[in-house]
Amino acid sequence: VSDDLPDGFDPTIPAPPNQWPGDPMPTLAQDRAVLAWLHGSDQLSADATGYVCEALLEWALLGLAWPQGSEPPAGPDCDHLQVLIQITERLQRRIMLAQPLAAKFDLGRVGRHLSLAVRCQLDPAGLQETLDRESVHRMPWLAGPPPPVVLADGGVL
Amino acid sequence: VTGWGEGLDELAGATAALLQAGPVAEPMVDVRAAMACRDAVLTQVRELVGSVSDVPRLAVGSELTVFDLVHRPGQALHQALAELPRAVPFGTRQHTAALDKTLPVLEQHWQVAARAATGLERYITAAGQLPDQHAWYVLRDLADIAAALPALDHALSEALLPGLPTGQDLATPYAMLTHPGHDAVRLAAGEIQARVPADGPRPAAATANAQVLAGAPAVAGELSRMMFGYVQGVSALGGKLSVGDMRAVTRLLECGGADAARVLARTAPTVAGAADLAEGLRQVSPLASQLRTTPTRSISTEHLRLLRDSRELQARMRALAVQALRLPPDAADRQLRRLAPPALAFAEHIPMLTRALELSVRESLAQGLLLVPSLADHRNTHHLMWVTDTMRPGCDGPPAVQRSASELARAAEQIGPPVRTANHDLARHAATGDPSTRAAKTARRQVGKARAELRTALTARLDQPPALSASLTSHPRLAPAPNVSNVRY
């Protein structure tokens, strides 16, 4: 740090106007409206919009109606993936503030779908392998029939 | 209890944040420390559940029974958690109370969770003395945390995978984190979540029970009925088709069709017509993608049932594809042939589905409920307006969305003949099968029927109002003694 900078200046911290959250955080309703708009995105893959759909359906199960789609403040030509990432990151803060405790996990489950959507867009093959492993763990019959069991009388089950 | 509330809130916040993150692609900096934190969370939640449910701390574990799950859910959850092994052996690695800010955010969440869990240790005795009006609700909070543990274990096991080929010492913790005991935890926690409402007004949410069965591959008859109902649903929409509905149907055609093509390609050596059918499905997939990304707007609202059914069918086709991919290369013909009927049941409805979609698109456009861009070049969004089809300037032919839908329907018609060939081939094999094969087929049909009944029962249960179940005792500790003569889980 050069001498002409004020004492205590930390170059890793942006100036206050540029610090997040410089603008007020969008409400959950606004984020949901943007997600409904992203559901029809032509920039995101079918799998990614599928996970966005899962997230909105999870909210619908919790009693929140399917929101009316609304374009993000950055406009319809912005990077849709970046919008999705920002909404997903904001959910972390919402989880910390959510009450009662079960609401945190409701948001956690919704957020998991959104995180999968982000990762699916970035690395579809890698995510599919991960999810396939989880499917086989939860439903072992997908990996094929179990090995035959030899009974005491010599019979095979 | 302020300290209790803060500690539990911190623990829940950290575990929910980990749940949200899901399995991450980047390897962890110190995965063993994260595993030690996971063990601390698991142990503490288990002890608290045991304390609320009055389980002796040195009780001898027994097998979990259906009776336990229904009549002793607190004790059952404790038992299920006790069957989950530690990821790292006791005493080999301990988590630290200090938060290491240099670690990635996820590992910090693990540290926060472990620290909060350890802080709840002082409430273990108090948790055993809770009055009736609070005990079940505290247990519900703990069940929420416990229900997240299987997903967190899966994420940790994925973090271990990159080190497995070289560091074989990770194989043991990997086996611990992918332990089959997770299903019991899901079931026991789901039982409490279904019967004890969370604080505040919340409608019933999908429980872990429903999720366990969500992606199960359906038998052919069941899948065919589902697809038939789905096609009827799309057809009934008519002019009320929304953009969200259209996206859901095209997504099913794109992803579900690709999965069905994978399955049929695998079965091609044993089923005549399967290869042609797989090729036909592969041609449908890009056209569905094209329709999905065609710019449109709609005035109608989305139909949630259609969206849900689309995801359900897609999950089933994915499960079938996983099953096909996991078959060994030298799988017997009989095994390969067994995969074909569900894929065929899905594929045979695709021509009807695409035709129904096309008709709905036409009707929506005619009614002015589906809007199209006012300009031919929709990428120039500065002066773009969404108009009805009749208001489109310089009308030269149908709008892009209708053209795409028609093209998709025409391509889907091509898969009709190979579907008939494959069905005929399968029927010929079924007719010439030996008695044991026919008996196995009948047994599978019965199993499918039983599974459908179970799913109906679980769905009906989800619709019940979220009130404290009348069959629960006034306090978890008053649960009846275990009934050892019942059916084992």
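Helices (H or I, at least four residues) and strands (E, at least two) are runs assigned by DSSP and numbered from the N terminus. Chain A holds 5 helices and 0 strands, and its pattern along the sequence reads α-α-α-α-α. Chain B comes to 19 helices and 3 strands.

The structure is a predicted model, in which local features need pLDDT of at least 70 and side-chain atom pairs count only at pLDDT 80 or more, while totals for chains, interfaces and linings use all residues. Residues are numbered from 1 along each chain as its sequence is written, chains are lettered from A and ligands numbered from 1 in the order in which they are written, and side-chain values use heavy atoms, with hydrogens and water left out.

Burial is described by relative accessible area: buried means under 20%, exposed over 50%, and partly exposed in between (1.4 Å probe, protein chains only). Chain A has 157 residues, of which 46% count as buried. Chain B has 489 residues, and 53% of them count as buried.

Contacts show how each chain folds back on itself. A contact means heavy atoms within 4.5 Å. In chain A, taking contacts with a separation of 6 or more, 67% are between residues 24 or more positions apart. In chain B, among contacts between residues at least 6 apart in sequence, 82% join residues at least 24 apart.

The next topic is the nonpolar interior. A nonpolar core is a set of buried Ala, Val, Leu, Ile, Met, Phe, Trp, Tyr and Cys residues joined through side-chain atoms within 4.5 Å. The largest such core has 108 residues, and those that touch the most other members are A:Leu35, A:Leu38, A:Leu84, B:Leu11, B:Leu77, B:Leu81 and B:Trp110. Helix α7(B) gives the largest share of this core, 15 residues. What is B:Leu77 in contact with, leaving aside its neighbours within four places in sequence? Its partners are B:Val49, B:Ala143, B:Ala146, B:Val185, B:Ala188, B:Ala189 and B:Ile192. A second, separate core has 59 residues, including B:Met227, B:Leu306, B:Val387 and B:Val419.

Some space is left inside the protein. Rolling a probe the size of a water molecule over the atoms shows where empty space remains. A cavity is a set of points, on a 1 Å grid over the protein atoms alone, where a 1.4 Å probe fits but cannot get out; lining residues have an atom within 4 Å of a point. Grid points are joined across faces, edges and corners, and a volume is the space filled by probe spheres set on the points. The count comes to 5 cavities of 30 Å³ or more, and about 80 Å³ of space lies in the largest cavity. The lining of the largest cavity consists of B:Leu18, B:Ala21, B:Gly22, B:Val24, B:Met28, B:Leu106, B:Trp110, B:Leu152, B:Ala155 and B:Leu156. Two or more lining residues come from each of α1 (2-21), α5 (105-119) and α7 (132-160) of chain B, with α7(B) giving the most, 3 residues. For the next count, Ala, Val, Leu, Ile, Met, Phe, Trp, Tyr, Cys and Pro are nonpolar, Asp, Glu, Lys and Arg are charged, and the others, Gly among them, are polar. The lining then divides into 9 nonpolar residues, 1 polar and no charged.

Side chains of opposite charge can pair when their charged atoms come close. A salt bridge is a side-chain nitrogen of Lys or Arg within 4 Å of a carboxyl oxygen of Asp or Glu. Over all chains, there are 28 salt bridges. One of them joins B:Arg318 to B:Asp259, with the closest N and O atoms 3.0 Å apart. This pair links distant parts of the chain, 59 residues apart: B:Arg318 is in helix α14 (residues 304-326) of chain B and B:Asp259 in helix α12 (residues 243-267). B:Arg318 counts as buried because its relative accessibility is 16%, and B:Asp259 counts as buried because its value is 5%. A network of salt bridges links A:Asp132, B:Asp259, B:Arg262 and B:Arg318.

B:Arg72 and B:Asp68 form another salt bridge (3.2 Å, N to O), and both residues are buried. B:Arg355 and B:Glu358 also meet in a salt bridge (2.4 Å, N to O). Both lie in helix α16 (residues 350-367) of chain B, 3 residues apart, about one turn of the helix. B:Arg355 is partly exposed because its relative accessible area is 31%, whereas B:Glu358 is buried because its relative accessible area is 4%.

Methods: 1 Å grid on protein atoms, 1.4 Å probe; cavity = no way out; pocket = protein on both sides within 12 Å on 5 of 7 lines; lining within 4 Å.
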